[in-house]
Amino acid sequence: MFNGNMLRDAIISAANNIANNKKAVDDLNVFPVPDGDTGTNMSMSIGNAAKELARVKDEPVGKVAQTAASALLRGARGNSGVITSLLFRGLAKGFKDAEEITSQNLAAAFKAGVEAAYKAVMKPTEGTILTVARVASEYATLANDEGKDPLEVFEAAMEGAKKALAETPEMLPVLKKAGVVDAGGQGFVVILEGMYSVLKDGVMIMPADAPAAKAEEEAAPTVRNAAGELEDFDINFPYCTEFIIIRSADCDKEPAELRSYLESMGDCVVVVDDEEIIKVHVHTDHPGNAIEKALTFGALTKLKIENMAEQHEQAKQEAAAAAKANEPFRPAKPEKPYGFVSVAAGEGLAAIFTDLGADVVVSGGQTMNPSTDDILRAIESTPAETVFVLPNNKNIIMAAEQAIPLATRNVIVIHSRTIPQGVTAMLHFDPDVDAEKNAINLGNAINKVGTGQITFAARDSEFDGKKIRQGELLALDGGKIVFTETSIENCLVRLTKQLLKKDSSFVTVFYGEDITDKQAEALFKVLENKFGSKVEFTLVNGGQPVYYFIISVE
């Protein structure tokens with residue numbers, strides 16, 4: 001049997017293991033759109049539990065499991081993170097009031113977790129983390145029935161998980177075509193392996209980047225002012241942009257041309273070339289322009305864009321949060337019947353939701369899935385009896401729903417999957433009808449708005465029979481990739497044309513942080529010239545990351 005300290009160490013080891021392997025799990029995602037990747041979301045979710053458990057000592061198994069489950073629930077990000085939290089909630093249920101782990105309560109814990117996860121997913125898909133966890137539970141139950149000891153039961157669960165993971169490509173054609181296993185399932189196996197290292201050998205897996213992080217911290221100490229806050233400094237070109245160009249055979253341009261162009265729009269320019277590739281590094285305020293220019297030389301790979309200003313701001317916020325760590329959070333007192341919490345990334349989009357009446361806008365979106373706790377705090381900060389939550393992204397809906405039972409007020413999550421759907425929901429809200437009627441009306445309204453999105457391919461891929469190269473422009477209709485392009489103008493025109501229906505009346509174009517005002521206005525005029533006689537167009541600076549353009553059609 002295993003005691004609470006071993007379970008604590010096992011979960012911390014699991015968090016370290018998925019953190020060490022999150023990129024490998026992320027890379028299994030077959031959908032090439034930049035997103036809140038599976039491995040990253042699972043790592044951040046269970047990492048929240050590890051932080052809480054680091055303060056736990058000599059507690060019974062039931063207490064340790066409950067602490068982990070509660071922290072994981074609040075820290076859950078993205079669908080994979082929420083499902084992981086539900087699986088651990090099952091552990092807590094199976095270990096309730098237990099001093100130690102036995103074969104019986106371990107098998108029961110796996111079963112309870114799987115039941116909770118399947119129940120939470122509206123349309124469970126086999127060939128995902130759900131299948132991997134279910135088969136693990138079945139193997140654990142069989143081992144318990146055979147009289148195996150707790151370690152053997154856990155080993156059986158791992159065996160079942162790995163067997164199911166290997167079979168996921170046979171269950172989902174998209175995985176088989178890409179030649180990969182399910183990312184969430186792989187993440188779950190990685191978590192089990194981290195726990196097993198402690199349960200079998202008493203060895204906790206440590207963070208792989210701990211020494212490097214320490215060395216980096218010593219080499220570049222954080223600058224703080226007298227109040228303990230991070231110093232502000234000017235970043236003229238905030239986006240650190242790197243990529244490799246695979247030179248086109250018919251391209252006769254010289255790399256010097258690219259270097260000169262990049263130097264005119266940024267600094268810290270490095271352009272290294274040979275006969276086949278050109279390696280590029282530049283700090284700029286418009287990485288999209290650098291990418292556009294680079295595409296005239298060939299295809300892009302190893303693309304990486306980091307917002308240095310955002311990293312600095314995040315460090316400031318973390319410092320401020322640390323300074324206020326001892327201040328208890330106090331929910332707002334309800335002063336009105338209804339309130340709104342919306343999720344959005346980009347100052348322009350946040351301002352739009354605020355102008356429409358949102359009480360709190362949670363920063364987040366495709367690449368920054370907010371946690372359940374982030375959403376819960378926003379709900380509790382809203383001075384209303386009933387709070388409507390607009391996730392505005394399909395990968396945030398589950399995290400939002402997990403906040404419902406934790407809130408001190410009535411919470412209704414509207415299943416808005418895109419920014420246009422969220423905007424439409426707020427426009428259709430009627431303060432003169434009750435919450436239930438509003439929920440129905442808003443749900444109906446969001447299904448009538450079309451959403452187009454233009455972004456870039458984060459990785460080479462083949463999706464729905466389309467070969468996609470990293471760095472290509474992707475056009476999405478309702479979240480589905482419909483075509484790829486190399487010209488932003490062609491992409492915008494083609495996608496708008498596809499979105500327009502016979503009864504379409506209004507089109508709103510939100511342009512992102514990588515598009516200049518001048519570019520947006522020029523492209524907007526192209527749209528008006530082509531389609532302006534049929535519909536009314538509006539241009540809005542959304543300032544959103546990831547998506548060059550978001551198109552709303554009503």
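In the predicted model, the lining of the largest cavity comprises 10 nonpolar residues, 1 polar residue and no charged residues. This cavity holds about 100 Å³ of space. Its lining is made up of Leu87, Phe88, Leu91, Ala109, Phe110, Gly113, Val114, Phe188, Ile191, Leu192 and Met195. Three helices, α5 (78-94), α6 (103-120) and α10 (183-201), are the elements that give two or more residues to this lining. In total, 3 cavities of 30 Å³ or more were counted.

The second largest cavity contains about 80 Å³ of space. Gly288, Asn289, Ile291, Glu292, Leu473, Ile488, Asp514, Ile515, Gln519 and Tyr548 form its lining. With 4 residues, helix α13 (residues 287-295) gives the most to the lining of this cavity. By class, the lining of the second largest cavity divides into 5 nonpolar, 3 polar and 2 charged residues.

An open sheet is formed by 6 strands in the order β13-β12-β9-β16-β14-β15, with mixed pairing. Strands β13 (480-485) and β15 (536-541) stand at the edges; each has a single partner strand, so one side of each lacks a neighbour in the sheet. From one strand to the next, the twist averages 20 degrees. Within the sheet, strands β14 (residues 506-511) and β16 (residues 549-553) run antiparallel and are joined by 5 bridges. Val509 has Ile551 in β16 as its bridge partner. In general, the strands of a sheet pair through backbone hydrogen bonds, in either a parallel or an antiparallel manner.

Methods. Residues are numbered from 1 along each chain as its sequence is written. This is a predicted model: local features need pLDDT of at least 70, side-chain atom pairs count only at pLDDT 80 or more; totals for chains, interfaces and linings use all residues. Side-chain values use heavy atoms; hydrogens and water are left out. Two strands pair if DSSP finds at least two bridges between them. Axes are lines fitted to C-alpha atoms, for helices over the stretch in contact, and angles run from 0 to 180 degrees between N-to-C directions. On a 1 Å grid over the protein atoms alone, a cavity is a set of points where a 1.4 Å probe fits but cannot get out, and a pocket is an open set with protein on both sides within 12 Å along at least five of seven lines; lining residues have an atom within 4 Å of a point. Grid points are joined across faces, edges and corners, and a volume is the space filled by probe spheres set on the points. Ala, Val, Leu, Ile, Met, Phe, Trp, Tyr, Cys and Pro count as nonpolar, Asp, Glu, Lys and Arg as charged, and the others, Gly among them, as polar.
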